[in-house]
Amino acid sequence: MSRGALQPSQQKLAEKFTILNDRGIGMLTRIYNIKKACGDPKAKPSYLVDKNLESVVKFIVRKFPAIETRNNNQQLTQLQKEKSEILKNLSLYYFTFVDVMEFKDNVSELLNTIDACQVFFDVTVNFDLTKNYLDLVVTYTTLMMLLSRIEERKAIIGLYNYAHEMTHGASDREYPRLGQMIVDYENPLKKMMEEFVPHGKSLSDALISLQMVYPRRNLSADQWRNAQLLSLISAPSTMLNPAQSDTMPCEYLSLDCMEKWIVFGFVLCHAVLNTDPAALSLWKLALQSSTCLCLFRDEVFHIHKACEDLLPSPSMLKLCPLFSSYNKRLNDIKECKEQAIHCSGTMHRERRKFLRSALKELATVLSDQPGLLGPKALFVFMALSFARDEIIWLLRHADNIQKKSTDDFIDKHVAELIFYMEELRAHIRKYGPVMQRYYVQYLSGFDAVILNELVQNLSVCPEDESIIMSSFVNTMTSLSVKQVEDGDMFDFRGMRLDWFRLQAYTSVSKASLGIADHRELGKMMNTIIFHTKMVDSLVEMLVETSDISIFCFYSRAFEKMFQQCLELPSQSRHSISFPLLCTHFMSCTHELCPEEVRPRNQCLSLCNMFLDEMAKQARNLITDICTEQCTLSDQLLPKHCAKTISQAVNKKSKKLTGKKGEPEREKPGVESMRKNRLLVTNLDKLHTALSELCFSINYVPNMVVWEHTFTPREYLTSHLEIRFTKSIVGMTMYNQATQEIAKPSELLTSVRSYMTVLQSIENYVQIDITRVFNNVLLQQTQHLDSHGEPTITSLYTNWYLETLLRQVSNGHIAYFPAMKAFVNLPTENELTFNAEEYSDISEMRSLSELLGPYGMKFLSESLMWHISSQVAELKVWSLTESEAFVFVFLQSFLLKPCLCLLSVAVDSVLKRMTIIGVILSFRSLAQEALRDVSPSMISSSCQVAMNVYELSSAAGLPCEIDPALVVCLPMEINTFEEDYKIACLLMVFVAVSMPTLASNVMSQYSPAIEGHCNNIHCLAKAVNQIAAALFTIHKGSIEDRLKEFLALASSSLLKIGQETDKMTTRNRESVYLLLDMVSICADSIYLGWHNTVCGTCRGNFLYLPNHGSKPHTSQS
């Protein structure tokens, strides 16, 4: 094809660049995934690790790309068996390599066309054309280098082709060219250096055009600082002036991208380095800035070593004088390597330090004056691009350190830089309409006018070019602010593509309108294109300038940076930047590789991990604060004031106590007294750290990552619920071995302190702490929580039943009605706890507040279960001994009632009834405490509708008949009549057994405690409650049965007087009082009838020798 026959408009350069660059990224993605799969033993194709195919694979690789199937039938026998599976499973790999070959062919064709058209390249004029050209060259180079790094490429291609030939009788048609390409590109850079010899002129021209851009971007932090780069407030008078530049798109061009252009470009056309000082200067500057470049994702290219390997060896340089220029280049490489290793880390560290302050200032000003986003949009995108380049540089070099000292590659403040980037991105997304409004007016009122003047002043303007530029002017002129107010969608992609085409038309040699001669037009159009992007492509601009999705492929470094951020209290407020950064990962996939799922899984996993760790850290801080507050609250407990009171009393009475020099105990509140605010306590540090971290958690309400919505506050809420649950249970300090447990009042104080701290969290984070309280505290009122773990309800219920009440039945503790508490009795073996401290009114009220109605109901049910077991034993005895008991009773009761029942059974029955009474007394205390602490729960309707016994009992109200007791005493005998008879016999047996209590030395009544030391005063409650429950179940007359019980018991007790043995009757009067207690307790259910039944013996019941009074005579 002759050059004269080439028509630029027919070559579709713009379209080809667009398509090939996009396809090149897709091919890189596929090749990258193949490389990673082959490098992972779990993901590698099974045929490459199959022991049976190992010899076949080695044979194929050794002979590659030749094919020999006839003379090696024995070696290929195993391959014959699996050929169909190989074709099926390796086809994706094979045809990806074929696609690479086709991509190479298309790129080579386009590069030849460009050379033939003698296209003019200048990044400051025809920016889109030059950028796409250099991108294509780098993408092509990177793709071939990445392909050569797949060690199994020959085995995969060879296996597939052998299987294809065995199946179809011939090799795949693409195999010969593909095999040859694989062999040719064993050393891809050397091959491409030969390949790019014809393209050197175009490539070098494009690269040298960077001399006005790259050095200006690659300045030191001090130079940036002196120029007050990115500052909006350095010149207040020009704050509203629009940020302008002749090279608008070059201002936010990626530094990393330019360095790849320069390094790879001059490697491919290295001859120009010996002839052009500008090219050499650019190349050396790029070599000094980095030690490695990013090929694709986490694949890197070590610049200096690769360049040294590509040049002739030192021995060759000595032999051939023609290579003297290369000797200079080799020295340049070594000098640049030393410079990069020793100085680049410090230079980039200072840049990051500058950018942190610059972006902070920019974000602060724009948050206060978002209208400045219009005129200063260029500054925002420059700041994002600069910061992105520095972060990527740090990430890449930290993972490929070539220096012993790593301080320059560890930046604990990188989270702050990422945070300000995210803040600027958020401003742009939030105030997009503001920027649209500004630039719509800019395009229609200024850009359209200037462009029209430039077009009118053109000396020559062909028809096609004139039509395109006229369309530009018309498009901009038609814009209005009303479109923004009405929410119209803008789309300038067609306009930008037309400008790309126009660049291609005007950049070829012998073009009627040469853009090289009309640079002002090119610069103006570049500015206009930037302005159109501010209207319709803000999201794409954010991806172009601030995408850091490369973190997805450096997960270890990513997690390490996050941990460093959390460990540094001053940086924890920026920790939210890491989960926010996960939203970038959606831009790292490509439609040519839809099967790629790693970025998605990695992104979701990391985002979840970051938010979870942030919540855990906040939870730990809150727990530490709660611990401190609980310690302070503990100092205010009454038990700590005894020493203070003692000291005050002794001081008043002028008594000296204690040793000299003994330090005086600090009073609560001393920790709040400070003479200097510079004195920081541990609590201050915890609150500061918590406020910083909570700022981060509260920064965004939610974030969407790959169609998953993450809510940071919910993570904190969840962790607070779990920790609050564990803390409440832990604060009980229950020790199963020693049966020790915290007093309810002390636990309540600690829980209240804990809740006070949690309520203060609402000042930091917008979470519903009431929901946390409801979820946790309601679970604590149940036997087990949602995780199946024991709660304070189960712990305290178990302790009161198995420890306190068991010691009561063992005779170590007595119930004192006067004190409404259980009190330790003096015994040989002292108990490890004081029962009064766990059962007095204040403690029971505290217990009721902790457990609530549900928890107290569970406690009541557990108590009733023990009563049920005792009653069941009594019924069993009554059933087995009923006939003997009736016979003995009828024969001898009237003669000697106190002696006819002297047996082991008597003591057992009375003891069981006493235990029942003790349990009922304890339950009465619990019910009364519940009624005291929850009056609001007891409505007047409950007090009136007393038939609803169970509801009333659960609220702590006293009932005529205990519903819980009725429920727990079901009939256990087959027939109703027999069970009723057993119930009656049980009551009779208890009645006639009561006189035996008079012989017990512990049965003496004590007026001080209003009871007996052996707890027989609890029999009164047991008799009445059990009788009421049993005869309610059997629908009998409770009143009649209790009258019979009192009559029988009265007769039995009155006949004790016939006894002459003083030991038998020594506590007769105390037992008389017991019967009076039974009658008084019965009076609470059926008012007045006990006086009728017991009137004749009232005088005996009220007589006590130690009172020094005579018996009274009651009126019948």
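Here, a residue is buried if its relative accessible area is under 20%, exposed if over 50%, and partly exposed in between (1.4 Å probe, protein chains only). This is a predicted model, where local features need pLDDT of at least 70 and side-chain atom pairs count only at pLDDT 80 or more, while totals for chains, interfaces and linings use all residues. Residues are numbered from 1 along each chain as its sequence is written, and side-chain values use heavy atoms, with hydrogens and water left out.

**View 1. The whole protein, before zooming in.**
The protein has 48 helices and eight strands; helices (H or I, at least four residues) and strands (E, at least two) are DSSP runs, numbered from the N terminus. There are 1116 residues in the protein, and 52% of them count as buried. Take the contacts (heavy atoms within 4.5 Å) between residues at least 6 apart in sequence: 79% of those join residues at least 24 apart.

Which residues of helix α3 are buried? In this helix, residues 54-63, they are Val56, Val57, Phe59 and Ile60. Looking down the axis of α3, you'd find these buried residues within an arc of 160°, so they line one face of the helix; the arc is that of the directions from the helix axis to the C-beta atoms.

**View 2. Aspartate 115 and its partner.**
Aspartate 115 belongs to helix α5, residues 83-117. Its relative accessible area is 17%, so aspartate 115 is buried. The side chains of aspartate 115 and serine 202 are joined by a polar contact of 3.0 Å. (A polar contact is a pair of N or O atoms within 3.5 Å; within protein, one must be able to donate a hydrogen and the other to accept it, and residues adjacent in sequence count only if both atoms are side-chain atoms.)

Rings of Phe, Tyr and Trp (its six-membered ring) pair if their centres lie within 6.5 Å; planes under 30 degrees apart count as stacked, over 60 as edge-to-face and the rest as tilted. Searching the whole structure turns up 41 aromatic pairs. In one, tyrosine 439 and tyrosine 442 have ring centres 6.1 Å apart and planes at 25°, so the pair is stacked. Both tyrosine 439 and tyrosine 442 are buried. In another, the rings of tyrosine 815 and phenylalanine 822 have centres 5.0 Å apart and planes at 45°, so this pair is tilted. Tyrosine 815 is buried at 10% relative accessibility, and phenylalanine 822 is buried at 0%.

**View 3. An aromatic cluster.**
Tyr815 and Phe822 turn up again here, in one aromatic cluster with Tyr796, Trp799, Tyr800, Phe833, Tyr838 and Phe922.
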